[in-house]
Amino acid sequence: MSPFVWLAVAAVAAVAEVLSLGLITLWFVVGALVAFVANLLGVDDLVQIVVFLVVSVACLVLLRPVFVKYRKHGAREEPTLVGQPVVVCEGIDNDRMVGRVETGDHMTWAARSFDGRPIAAGENAVVVAQESVKLIVERKPSC
């Protein structure tokens with residue numbers, strides 16, 4: 001068997017891994033590269049296949065959980081603005097699809113009213129939901 005067969009297997013598995021990002025086919029890249037080295041050393045074709053399978057499955061079973069753990073360790077959950085007080089800086093009118101609010105950190109967000117009633121500029125409100133980059137707010141109850 002040509003050693004380039006193993007390089008082709010490694011390339012296909014690498015492309016599949018890049019497209020999926022599931023940390024599954026990455027281990028078949030490793031297995032194919034080890035089988036490639038075995039081929040260069042003159043090992044029999046059947047042994048190369050066994051080496052490919054054993055190394056790939058061993059890496060999948062032993063290393064994937066470690067990599068997944070550290071990949072998730074660095075992930076951060078998006079902060080939510082739900083429950084935060086805001087000030088309406090541009091009157092909110094759901095019918096006209098206009099309205100902006102300013103958060104405590106002086107960021108302005110597109111906003112709409114939770115109950116559909118207009119909210120005038122200058123009024124205080126509370127964020128009750130977030131839809132992507134749009135905040136859903138309701139009037140802050142007055143004391």
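Rings of Phe, Tyr and Trp (for Trp, its six-membered ring) form an aromatic pair if their centres lie within 6.5 Å; planes under 30 degrees apart count as stacked, over 60 as edge-to-face, and the rest as tilted. I began my notes with this term.

**Basis.** I worked on a predicted model, in which local features need pLDDT of at least 70, side-chain atom pairs count only at pLDDT 80 or more, and totals for chains, interfaces and linings use all residues. Residues are numbered from 1 along each chain as its sequence is written, and side-chain values use heavy atoms, with hydrogens and water left out.

**Entry 1: aromatic rings.** I searched the whole structure and found two aromatic pairs. In one of them, the ring centres of W6 and F52 are 5.1 Å apart and the planes stand at 40 degrees, so I recorded the pair as tilted. W6 belongs to helix α1 and F52 to helix α3 (residues 45-73), so this pair ties together parts 46 residues apart in sequence. Helices (H or I, at least four residues) and strands (E, at least two) are DSSP runs, numbered from the N terminus.

I then noted F28 and F52, whose ring centres are 6.1 Å apart with planes at 50 degrees, so this pair is tilted. The pair links distant parts of the chain, since F28 sits in helix α2 (residues 26-40) and F52 in helix α3, 24 residues apart. W6, F28 and F52 form one aromatic cluster.

Entry 2: F28, at 24%, counts as partly exposed. W6 is buried.

**Entry 3: helix α1.** I checked the length of α1 (residues 3-20): at 1.5 Å a residue its 18 residues should span 26 Å, and the end C-alpha atoms are 26 Å apart, which agrees. The expected span is 1.5 Å times one less than the number of residues.

I listed P3, W6, A10, A13 and E17 as buried in α1. Seen down the helix axis, the buried residues fall within an arc of 90 degrees, so they line one face of α1; the arc is that of the directions from the axis to the C-beta atoms. On the other side, F4, V12, V18 and L19 are exposed.

**Entry 4: E17.** I found E17 buried, with a relative accessible area of 9%. Leaving out residues up to four places away in sequence, E17 touches G22, L23, I24, T25 and L26; contact means heavy atoms within 4.5 Å.

Methods: Buried < 20%, exposed > 50% of the residue type's maximum accessible area, 1.4 Å probe, protein only.
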